[in-house]
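Notebook, one sitting. I wanted to look up strand pairing and the contacts of aromatic rings.

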Amino acid sequence: MERDELARWLDDNDVEIVRIDATGVEGTLLGKHVARRKFESCLPSGVALNDIGLAMDLGGTPQLGWWGDWRQDALGDALLRPDLSTLTAVAHEPGIAWCTADITGVDGVPLPVCPRSLLARQQADLDALGYSVRAAFELEFFVFEDRIDAARRKGFRNLTPLGGAAPKQSYMTQRSPEFVPLLRELSLSLERAGVPWEAFSDEAGPGQFELNIAPGDAVTAADRAARAKQILREVAYAHGKSVTFMARPFPEMPYGNGLHVHVSLWRGDEPAFADPRVLRHWVAGCMATVAGMTSIATPTVNSFRRQVDFVAAPTTPTWGEENKAAAVRTVTRTGALARMEHRVAAGDANPYLVLAGVLAGGISGLVEELEPPEPVAGLPWGLPEDHPRLPHSLTTAAAALAADTRLRARLGDAFIEHWTESRKFEWLMFHTGGGDPDATGSTDWELARYFEWV
């Protein structure tokens, strides 16, 4: 977008303030609201923020036990470089525009821990191999009748799910009058923000829903998922309600939130996964890296509370055709629909990092021409204790990622070091900050830390 075109767009939309933000390592949105004149004058390099924002946990504690080479010797600046292709008006906030940014050093070089840039690098690697990627996210979340300030006062306990707390089936539409007003405004806000959606469904948990977002290239798909989460929060707030993406907020609710991602490859207009060989290598790469990917896909103490047999979440390193209980599912009904679904990620995961990890694994499979293990034919739940399972804790998952040479080669040493150290830090904060390691359900520490920030 040229300067004159940008000025006309800002005039046409009566923009006075621009919100520039990027998704940080922990998955939270980091950014600034700037005056229109500041937005225009900061281009193309962007606005500054302290790099501590990329090295701070969800509780606001600086992670100072390690110091990556990407950081300056003392606390210094990083830049939010706006991507003008993402500039949109905010439907429910007149006069405000929204622009997604990449996080760079002051020299303009993307930081190795910038999730969006990390994903863009995987997309570029696929381009170099002659493939384009289309991806789509499914977001699961709980909606509560309590506004967020009221939920805080209750310590996020004893909240009223939208539609009531009684057990129910999935996919029910007979209670739609209770939630359609919220979803109607949400759909309008999503479209205005450049997030085309395909479907909403009433999920298994009380007050639980799933949003299916339309596919796009890798970076666009993750942009849409990150924006959708923020729009969900804002629309819920406007309706006097609250929403959470916590993996499993309440032990009395057996079902948790997932973040499923569908991926297909293309060569021009031809679906590459229609070639069984390409799909086989891709799945093999994802299976070879699924243990390490578990760290990225299940980033919090609470994430692992979702890993329970028979309640929809994968618990084993398995794959299968049309098998939604496996970690990796393939769909090959027709060539044009051929795709892979990675189902490990919890609702609190960072969509940029999840998709970057999935692509890194798949690319490894293509390049090395890996062969997958045998697919699982039935439900991979309730298997004998000696059957392989996905990593079951922050530390075991971090160790698996640190040892994964394929993901390290594609995501980079700097990112792997920072991520694995930050997961150890999260484990330390849980054990020293008030978490209960013997609890079988979500603790007060988890609710305070994750309910509104993931």
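The entries below go from strands to rings.

Entry 1. I note that the model is predicted.

Entry 2. I looked up strand 14, residues 328–331. Val328 and Thr330 point one way, and Arg329 and Val331 point the other way. All four of these residues are buried. In a regular strand the side chains alternate between the two faces of the sheet.

Entry 3. I then looked up the neighbours of strand 14. Strand 13 (residues 319–321) runs parallel to strand 14 and is joined to it by three bridges. Strand 15 (residues 339–342) runs antiparallel to strand 14, with four bridges between them. Val328 is found in both pairings: it is the bridge partner of Trp319, and it stands opposite His342 in strand 15.

Entry 4. I counted ring pairs next and got 14 aromatic pairs. One of them is Trp66 with Phe425, edge-to-face, at 6.2 Å centre to centre and 70° between the planes. The two residues are 359 apart in the chain: Trp66 is in the loop between strand 3 and strand 4, and Phe425 is in helix 12 (residues 413–433).

Entry 5. Why do I list Trp66 as buried? Its relative accessible area is 11%, and buried means under 20%. Phe425 counts as buried too, because its relative accessibility is 12%.

Entry 6. I traced a cluster linked by ring pairs; its members are Phe142, Phe144, Phe156, Phe250 and Phe451.

Entry 7. Last, I looked up charges over rings. The charged end of Arg71 sits over the ring of Trp67, 3.9 Å from the ring centre. For Arg227 over the ring of Trp98, I noted 4.6 Å.

Technical notes
Residues numbered from 1 in each chain as written. Predicted model: local features only at pLDDT ≥ 70, side-chain atom pairs only at ≥ 80, totals over all residues. Heavy atoms only, no water. Buried < 20%, exposed > 50% of the residue type's maximum accessible area, 1.4 Å probe, protein only. Pairing = 2+ DSSP bridges. Phe/Tyr/Trp six-rings, centres within 6.5 Å; stacked < 30°, edge-to-face > 60°. Lys NZ or Arg CZ within 6 Å of the ring centre and 35° of its normal.
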